[in-house]
Amino acid sequence: MSLTSKTIAELRDGFRAGEFKAREIAEEYNAAVAAAKLLNAYTVETPDEALAAADAADSARLGGDLKPLSGIPLGIKDLFATNGVDTTAGSRILEGFRPTYESTVSGNLRKAGAGMLGKLNMDEFAMGSSNETSAWGPVISPWRRKGSNVGLTPGGSSGGSAAAVAAEIAPGVTGTDTGGSIRQPAAFAGICGIKPTYGRCSRWGIVSFASSLDQAGSMAKTVRDCAILLEAMAGFDPKDSTSLDLPVPQWEANLSSDLKGKHVGIPKEYRIDGVPEDINKLWDQGIEWLKDAGATAVEISLPHTKYALPTYYIIAPAEASSNLARYDGVRYGLRVEGVKTLDDMYAATRADGFGAEVKRRIMIGTYVLSAGFYDAYFTKAQKVRTLIKQDFAKAFEQCDVILTPTAPSAAFGIGETTDPLAMYLNDVFAVPASLAGLPAMSVPGGLDGQGLPLGLHLIGNELDEQTVLNAGLAIEERAGFTARPEKWW
Amino acid sequence: MADAAAPFRIKGETGEWEVVVGLEVHAQVVSNAKLFSGAATAFGAEPNTQVSLVDAAMPGMLPVPNRECIRQAVRTGLALGAKINKWSRFDRKNYFYADLPQGYQISQLYHPLVGEGEVEVLLDDKDETSTKRIGIERIHVEQDAGKLMHDQHPTMSYVDLNRSGVALMEIVSRPDMRSPAEAGAYLRKLRSILRYVGSCDGNMEEGSMRADVNVSVRKPGAEFGTRTETKNVNSVRFVMAVVEHEAKRQVELIESGGTVAQETRLFDPDKGVTRSLRSKEDAHDYRYFPDPDLLPLELDEAFLEDCRKSIPELPDAKRKRYELMGISPYNASVLTAEVETAGWFDALLATDVDPKQASNWTVAELFGALNRRGESMAESPVSPAHAAELLKLVADGTISGTIAKQVFEIMLETGDPASKIVDERGLRQTSDTGAIDAEIDKVLAANADKVAEYKGGKQQLFGFFVGQTMKAMQGKANPQLVNERLRAKLD
C-alpha cells in the first residue's frame with residue numbers, strides 16, 4: 001500500500017511508530033502532485049515547504065517532541081493567505097500577490113506540525129459550484145462517468161481541495177464554505193468535508209467573500225481525518241471579532257458511532273422535485289444506517305427552506321460587493337495603466353481583473369444594497385435569515401442532528417451548466433445551514449448509476465460538531481465507501 | 001456693542017431673512033491606536049509609517065474595535081449629557097477613492113453609539129443670561145480616510161495612509177443655530193468640552209477637529225429652506241465666515257429668482273467664499289449596511305460607570321463654582337474656556353490665595369503678558385506656585401502693586417520665584433517712617449510752589465506728592481504709610 005493511499009490517522013500513527021519517515025511521506029506526495037498536473041488542482045506547488053516540514057517532523061520524532069500533525073503534508077485552498085507564497089483566490093486581480101502574513105488557520109496547521117504541498121485551485125473568490133470560474137482554468141475531477149472520458153467538475157468552490165484528496169495528491173486539505181463550498185465538492189469527489197459552527201475557525205487571513213457566512217473547514221478521506229484537521233485549525237483568535245472565544249473540543253478522541261438515544265431529523269421540505277432517484281434512495285439508506293447505529297428518525301419541518309437560496313443570493317453578493325471593493329488597483333494586485341482618471345483606472349482594472357461570475361455577484365450585491373432597494377432586498381433577506389435560524393432552533397428541540405442529501409445531483413460535466421441560476425441550485429441543501437451558522441458535513445454514501453459519488457449531509461446544532469462527526473462516522477462505517485477514481489491523469 | 005439677544009437677520013430686498021445652521025463636527029479621538037487596528041496615530045509622522053495590514057486593507061484582514069476609542073466616545077457623550085446606547089453597531093459606507101483602502105468607511109449610520117444630548121452656549125461673556133441650548137442629535141464613531149498628496153510627482157498622486165483608520169467622532173447638532181456667532185459659540189464650547197474630557201485635542205490646524213456646515217435661510221418663522229453642506233471647515237472663524245457667506249449667497253439667489261440646490265460645497269479661505277463641489281444628483285449612493293466583520297457593540301453598566309467616573313469637572317460647573325467664590329462672571333467665563341487655563345487657575349486657587357484678586361491678576365496681568373509674548377497657558381513661564389507667592393507678597397504688604405508688576409516682568413524673563421527676585425534686588429516694601437518722612441521733606445522742599453497751590457485748595461495735587469515720594473523711594477515705600485505721612489505734614 002502506497003503512502004498516498006493512507007489516511008491522515010494512518011500516516012500519523014505509522015510515522016510515530018517509525019514505520020516510515022515524514023520525509024518519505026512528503027516525497028511521495030510531492031511526486032504525486034507533480035504527476036497530476038492534468039487535474040489542475042494546484043495553482044502553486046511548494047514541494048520544498050513540504051520537505052522542510054517533514055525534516056522538522058523527523059527531527060522532532062527523534063527528539064520526542066511530536067506535534068499533532070507532525071509528518072502530515074497538506075494542501076491549502078488558495079483563499080488562505082500564506083506567507084511568501086502566492087495567494088490569488090483564483091482571481092487575476094490578485095495575480096502574483098504574495099502576502100507577508102499567514103492566515104490564522106493555515107498558521108495553526110503549521111504550528112501543529114503540518115507541511116504544505118501547495119495552494120489549491122478554486123472558484124474565483126470562492127464564487128462558484130464547479131471550479132469553472134477560476135482564473136487559472138477549471139480543476140478536472142479525477143472521477144469519470146462509467147465508460148466516458150468527459151471531463152467532470154469537482155464541484156466548488158473548494159474544487160481543487162476536493163480533487164486533491166480524491167486523487168490522493170494530498171491526504172487532507174483546507175476548504176472554506178460560504179454556501180456549500182466544502183460540502184458540495186466533497187460529495188462530488190467522494191470524500192468527507194466539514195464546515196464547523198460559524199466562528200470556530202478564525203477568518204483572519206482568509207480572503208473574504210461573504211463575511212457573515214465564510215467559514216473554514218477540513219476535507220479528507222475519512223471522518224476521523226476531518227476531525228483531526230479541524231481540531232488543529234479551530235480556536236479563538238482575537239484578530240477576528242466574530243471568532244468564538246471557546247476551547248476547541250477533542251473531536252477525534254470523542255468520536256463514537258454509537259448513536260443510541262440520538263434523534264435524527266429528516267426535514268420534509270428537502271424532498272424537492274427534480275432530484276434524481278439515486279439521491280433520494282441514498283437518503284433513505286442513510287436514515288436506515290443511522291437507525292442501525294441506534295438513532296431514532298423523526299420527521300421535522302424547516303418551513304422557510306424554500307427561501308434559503310434567494311436569501312443567500314442577496315446576502316452573500318451584498319457582502320461580497322463591499323468586501324471586493326478593496327481590489328482597486330491602488331495598493332496591490334493588478335492595475336491597468338494607461339487610462340486618464342482614477343475612476344477609469346478602477347473600471348479598467350476591475351473589468352480586466354474580475355471574471356464574469358464575480359462581476360455578476362458584485363452587480364447583484366451593489367443592486368440589493370442601493371438606495372430604494374435596500375429594504376426590499378437586503379433588510380428582507382436579513383429577516384428571512386433570522387426565520388431560517390429559528391426553524392433550525394425549533395427543529396433541534398426535536399432532534400440532535402439532521403440528515404439530508406448534500407447536493408441535488410452528482411458531478412456534472414465541465415461546461416454543461418451554463419445557466420447561473422441552475423448552477424446556484426447546486427447549493428440548495430447546503431445553504432440553509434450556512435445562513436444559520438451551523439456545523440455541517442458531507443460524507444460519501446455510495447455511487448450513482450454512472451459510477452459517480454453521492455454524499456449525505458449532516459447538519460448539527462450550534463457548537464455540536466461532535467454529533468455531526470459521530471453521525472458521519474456511523475454512516476461511513478455502514479456505507480463502506482472505498483471507491484476511488486481510476487487513475488487516468 | 002450689539003445686543004446679543006437681538007436676532008441675527010439678513011436684510012434682503014424682500015425683507016428680513018433668518019439663517020438656520022447645523023454642524024457636523026468630526027473630532028479625532030485621542031487614542032494611541034486606530035479605531036480597528038493597532039497602528040499608531042501620532043500627527044506628522046513620515047508618510048505610510050503608521051499603517052497596519054488592516055489599515056491598508058490587505059486581503060483577509062479584519063477590523064477589531066479598539067476599546068479605548070469607544071470609551072472616549074462614550075465619555076464625550078456623557079459630557080454632553082447625551083444618551084449612551086448600550087447596543088450600537090457599525091455600518092459600512094461604500095465608495096471608491098484612492099485614500100480609502102477598503103473601498104468603504106466603517107461608520108455607524110443605523111445604530112449610533114451616542115444619542116441625543118445638548119450643549120449650552122454663552123453668547124456674551126459678560127452676560128450670564130445670554131445662554132442658548134444647542135441640541136446634539138447623535139454622536140457616532142467612524143474611521144478617517146488617508147491623505148492624497150498631489151505635489152510629490154509631476155504626473156502621479158501619492159497616498160499617505162497614516163491617517164487611514166484613525167478614530168473619529170462625528171458629532172451631529174440639531175439645526176438650532178441662527179447666526180454666525182451662535183455657530184462660533186457652539187463650536188468653541190464643543191471644543192472646550194472635548195478638551196476638558198480629553199477625548200479630542202481640538203487642534204483644528206492639524207485637522208483634529210473639522211466641521212461640515214449645513215446652512216439654509218428662511219423668512220423668520222417659515223419652514224426650513226433647502227440646505228447646503230460646506231465640507232471640512234477647519235477653524236471657528238471659517239465656520240462663521242461660511243455661515244455669513246452662505247446665508248447672503250442664498251438670500252441673493254432666492255431674491256433674484258433662483259432656488260438653492262441641495263449640494264455639497266467647499267470653502268475657499270483665501271477668497272472667503274464657498275463654491276459648489278457636487279450636487280445631490282451626483283451624490284454617491286453609499287449603500288450603507290451593517291459591517292459583517294464586526295459584532296454589535298454591547299456596553300455593560302460597569303463600563304459606563306467607569307466612563308462616568310472619569311469625567312472631570314466640566315466648564316459650566318467650574319464657571320459656576322468660580323462665581324460662587326466671588327469671581328466675576330466675565331473672569332469665570334474666560335478662566336474656564338480652555339482646559340489648560342482652568343487647570344492652571346485651579347492650581348493657583350489651591351494655594352489659598354484670594355480668589356477674586358487671583359482671578360483679576362490672572363486675567364489682567366498673566367493673560368496680558370502671555371498675549372504679548374505669544375505664549376499659551378501651557379507655555380506660561382510662571383507657575384501657579386510662583387504666581388501664588390507673588391500675590392501673597394502683595395497681600396501681606398511685602399511689596400507694592402507697582403513693584404509687583406516689575407517683579408512679574410522679571411519672573412517672566414527668568415522663571416525665578418518672586419521672593420528670590422524681591423530679596424536679590426532689594427524690592428521689599430519699606431514701612432520705615434523715618435526714611436519716608438525724610439523723602440517727603442525733600443519732595444515738599446523741592447516743590448514749594450505746588451505745596452502752596454495745594455494749601456490754596458488744589459487738592460488734586462496730593463497724588464502728585466504721593467507719586468514723587470514713591471518715585472524717590474523707587475516704589476518701595478508702603479503707599480499707605482506715604483499717604484498717612486503726607487497728610488500729617490500737609491493738612
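Let's start in chain B, with two strands. Strand β4 (residues 91-94) of chain B is joined to β5(B) by four bridges, and the two run antiparallel. Strands here are DSSP runs of E, at least two residues long; helices are runs of H or I, at least four long; both are numbered from the N terminus. Two strands pair if DSSP finds at least two bridges between them. One bridge partner in β5(B) is B:Y104, which goes with B:N94.

A word on the model before I go on. It is predicted, so local features need pLDDT of at least 70 and side-chain atom pairs count only at pLDDT 80 or more, while totals for chains, interfaces and linings use all residues. Residues are numbered from 1 along each chain as its sequence is written, and chains are lettered from A and ligands numbered from 1 in the order in which they are written.

Back to the sheet. In chain B, three strands form an open sheet in the order β5-β4-β15, with antiparallel pairing. Which strands stand at the edges? They are β5 (104-107) and β15 (289-290) of chain B; each has a single partner strand, so one side of each is left without a neighbour in the sheet.

Now the whole of chain B. Its secondary structure comes to 15 helices and 16 strands. The radius of gyration of chain B is 30 Å, well over the 23 Å that the globule rule gives for 491 residues, so the chain is more spread out than a compact globule. That radius is taken over C-alpha atoms, and the rule is 2.2 Å times the number of residues to the power 0.38. Along its principal axes, the C-alpha trace of chain B spans about 95 × 55 × 55 Å.

Next, domains. Chain B has domain 1 (10-307), domain 2 (313-424) and domain 3 (433-490). The bounds come from an automatic or database domain assignment. The C-alpha centres of domain 2 and domain 3 of chain B lie 32 Å apart. Their contact takes four residues from each of these two domains of chain B. Contact means C-beta atoms, placed from the backbone, within 7 Å.

What about the inside? Buried residues make up 41% of the 491 residues in chain B. Buried means 20 or more other C-beta atoms within 10 Å of the residue's own; exposed means 12 or fewer; partly exposed is in between; C-beta atoms are placed from the backbone. The largest nonpolar core has 252 residues, and those with the most contacts inside it are A:L458 and B:V407. Such a core is a set of buried Ala, Val, Leu, Ile, Met, Phe, Trp, Tyr and Cys residues joined through C-beta atoms within 7 Å. Domain 1 and domain 2 of chain B both give residues to this core, so it lies between them. Apart from it lies another core, of nine residues, among them B:I440 and B:M473.

Over to chain A. Is strand β6 (residues 215-220) of chain A enclosed or open? Six of its six residues are buried, so β6(A) is largely enclosed by the rest of the structure. Both faces are covered, with A:Q215, A:G217 and A:M219 on one side and A:A216, A:S218 and A:A220 on the other. Strand β4 (residues 172-177) of chain A pairs with β6(A) in the antiparallel sense over six bridges. There, A:G172 stands opposite A:A220.

Last, the two chains together. In contact are 33 residues of chain A and 24 residues of chain B. Of the side of chain A that touches chain B, the largest share, three residues, comes from α9(A).
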